[in-house]
Amino acid sequence: MTEIPDHLLERTRARRRALGLPVAGDDGGGAGGDAGPAPGGAPAPSAPAPMKSPVPIPAGDAAPDAPVVDSPQVAAHKARKKVPVWAMPVVAALPIWAFIYAGTVQEPGAPAIGPLEVGATLYDVNCAACHGGGGEGGAGYALDHGEVIATFPNATEQVLHVARGSSPIAGEPYGDPDRAGGQRVAGDLGAMPGFASSLTDIEIELIVWYERITLAGEELEPAQLATVLEDLQHRMETVGQEVDIEDLAEKVANGENPVLEGHA
Ligand code: HEC
């Protein structure tokens, strides 16, 4: 299965329109899309704007020893109900909650959507402009019909490649040394931008599995597939982190594939 059913794409487009995102095909294709930060992802959940805790208002400029008498304004201020201190973390956490919400692209009342659908939306926004809406290729390599799996038998190396991009390893071979048609060499087709600073680890994994399973048609053992999807489903509800490129590179060099084995 290598083609996305049209109704799925239509749902993705509708969802993107609802989110106010550009939709390929609406305006003559997403060629200008480039590797901008993902609306659903990039803004790192930086510390929410610091909120002041209620500070007692100094009672005017009374002399240190003078009896303190509140002015009517100060008395009114003290009498007013305030957000209790214990509630501050709840209030301060709201922007992060909004980020999680946007990251899972859920509409209120809509049934929970699966990791491959979220991966499809992230792919559409970040990758389709260069690799084609169905992975058929363009400025970047085709990923469909098993192509991306031929390059990366190890899914973790694919995560590494997307996070790091190809410029830092320009001229070096990557992926399967025995790839049909010859091993890939970074830079041969141009520059693949790195996404480590604009997408989180979980977002990149969601895209990678969408590319492998939906676009390239990878057939995993049913038990493996269940592990991968459960892991993604669980982790996409949390705020991801920046990919640790050195750590991934080390694991790949050791032949490990933690992305397949899941994180549980
Ligand atoms: C600005 C265009 C552009 C964008 C956007 C882009 N890519 Fe690429 N991609 C390329 C180019 C060009 C190459 C080949 C680079 C080279 O020769 O080293 C490439 C290579 C790749 C490869 C290696 C494929 C192989 O078989 O060697 C993968 C995987 C990949 N891109 C995935 C992605 C993903 C996932 C995204 C979105 C998160 C993405 N790309 C976004 C242009 C792009």
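Me: Is His 131 buried or exposed?
Reply: His 131 counts as buried, at 12% relative accessibility; buried means under 20% relative accessible area, exposed over 50% and partly exposed in between, with a 1.4 Å probe and protein chains only. This is a predicted model, in which local features need pLDDT of at least 70, side-chain atom pairs count only at pLDDT 80 or more, and totals for chains, interfaces and linings use all residues. Residues are numbered from 1 along each chain as its sequence is written, and side-chain values use heavy atoms, with hydrogens and water left out.

Me: Which protein donors does the iron atom of the ligand have?
Reply: They are His 131 (NE2) and Met 192 (SD), 2.0 to 2.1 Å from the iron atom. Donors are N, O and S atoms within 2.8 Å of the metal (3.2 Å for Na, K and Ca); water is not among the atoms, so sites may look incomplete.

Me: Where do His 131 and Met 192 lie?
Reply: His 131 is in helix H6 (residues 128–131) and Met 192 is in the loop between strand S2 (184–185) and helix H9 (201–215), so the pair ties together parts 61 residues apart in sequence. Helices (H or I, at least four residues) and strands (E, at least two) are DSSP runs, numbered from the N terminus.

Me: New topic: how many salt bridges does the structure hold?
Reply: There are 5 salt bridges, each a side-chain nitrogen of Lys or Arg within 4 Å of a carboxyl oxygen of Asp or Glu. One of them joins Arg 179 and Glu 147, with the closest N and O atoms 2.8 Å apart.

Me: Are those two buried or partly exposed?
Reply: Arg 179 is buried, at 9%, whereas Glu 147 is partly exposed, at 31%.
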